[in-house]
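Let's walk through this model together, from its overall make-up down to a few side chains. Have the sequence and the 3D view open side by side.

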Amino acid sequence: MSDYLLSFLIIPLLYSFFVAIRPSRNHRLTITALTLICTLSECSQSAMSSMTFDPGDVLAILLSSGVCFFADSYRTKARIEEPSLKLILIFAIPLQYACQDEPCYEKEPSECDAIIWLTWEQIRADITPEYGDTQQLERPGKLLSAPGELLVVDRYKGFHVFDTSDPLNPMRLAYIPLPGVTDVTTDGAYLYANAFTDVVTLPIDSLRDRSFVPGDERRIKDTLTFPSRQFIANTLLWLNPEDLNRLLDGNYGVPVGFHKYLGQQTLYGEVVETEDGGQEIE
């Protein structure tokens, strides 16, 4: 509720400030400009970050501009020209309330945002290749080609290997799950890939002849840097206490998204649909 109140009060407060400075002027153009700026700012925040667009904020902005148009029309007809500093106080007092919010540790857990975690156990589990056309490519990333073969990174999930002996009809040969991968390279005998903070090495021959068994990979832990808050920057103030403690401790895992208490969910920086609102992914 306080978010909508804040959106509602911004334009009246700024309008009151302009009236106090230039009381003799008609400020309809000022109100229009403030309305456009606030509306575009609300839309741009949603487009440029993982925040979800909330039409309630835009509605609050439009309602407040309507109030200001009415007030300006009345002020002009009544020829009220003295500085309206009292208006600033009228809107500033509830604005102070709107800028305050009850901290999440004083709320019910269901009223706070929750992090979607990949635990270190999940990230560093033994790799089990899935042979055949078993998985869909969701987040295409880097490509690595060889004669008759193509490797496509599925960002943060794993990578897919295709048979390209028929370029017009590539066939998926295998899917290699590797949480955190975004880049991969090879020296001809081994594949080298990142996995969040780890470097993972996989033997190519055993992957090709399907003799690879879980544990054949080699992992060098904590070699790379990865910003732990990359996917949750916009939710830190509203985290439930348990997730906040896990985040500060740093030993639980990697936060890959968040589930907002209003129902929106992001994963790897992208808004996704969810039915169960789960807080961890397998």
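Helices here are DSSP runs of H or I with at least four residues, strands are DSSP runs of E with at least two, and both are numbered from the N terminus. Counted that way, the chain has seven helices and 13 strands. What you're looking at is a predicted model, in which local features need pLDDT of at least 70 and side-chain atom pairs count only at pLDDT 80 or more, while totals for chains, interfaces and linings use all residues. Residues are numbered from 1 along each chain as its sequence is written, and side-chain values use heavy atoms, with hydrogens and water left out.

The chain averages 79, and 70% of the residues score at least 70.

As for burial, a residue is buried under 20% relative accessible area, exposed over 50% and partly exposed in between, using a 1.4 Å probe and protein chains only. Buried residues make up 38% of the 282 in the chain.

Take T119, in strand β1 (residues 114-119). T119 has a relative accessible area of 10%, so it counts as buried. Leaving out residues up to four places away in sequence, T119 touches Y252 and G253. Strand β11 (residues 253-259) holds V256, which is buried at 0%. V256 and Y156 sit 100 residues apart in sequence but 9.2 Å apart in space, C-alpha to C-alpha.

Rings of Phe, Tyr and Trp (its six-membered ring) pair if their centres lie within 6.5 Å; planes under 30 degrees apart are stacked, over 60 edge-to-face, and the rest tilted. That rule gives seven aromatic pairs. In one of them, F196 and F226 have ring centres 5.0 Å apart and planes at 75°, so the pair is edge-to-face. F196 lies in the loop between β8 (190-195) and β9, and F226 in the loop between β10 (218-220) and α7 (241-249), so the pair ties together parts 30 residues apart in sequence. F196 is buried, at 2% relative accessibility.

F231 and Y268 make another edge-to-face pair, 5.6 Å centre to centre with 90° between the planes. This pair links F231, in the loop between β10 and α7, to Y268, in the loop between β12 (265-267) and β13 (270-272), 37 residues away. F231 is buried at 5%, and Y268 is buried at 8%.

Methods:
pLDDT = per-residue confidence, 0-100. Contact = heavy atoms within 4.5 Å.
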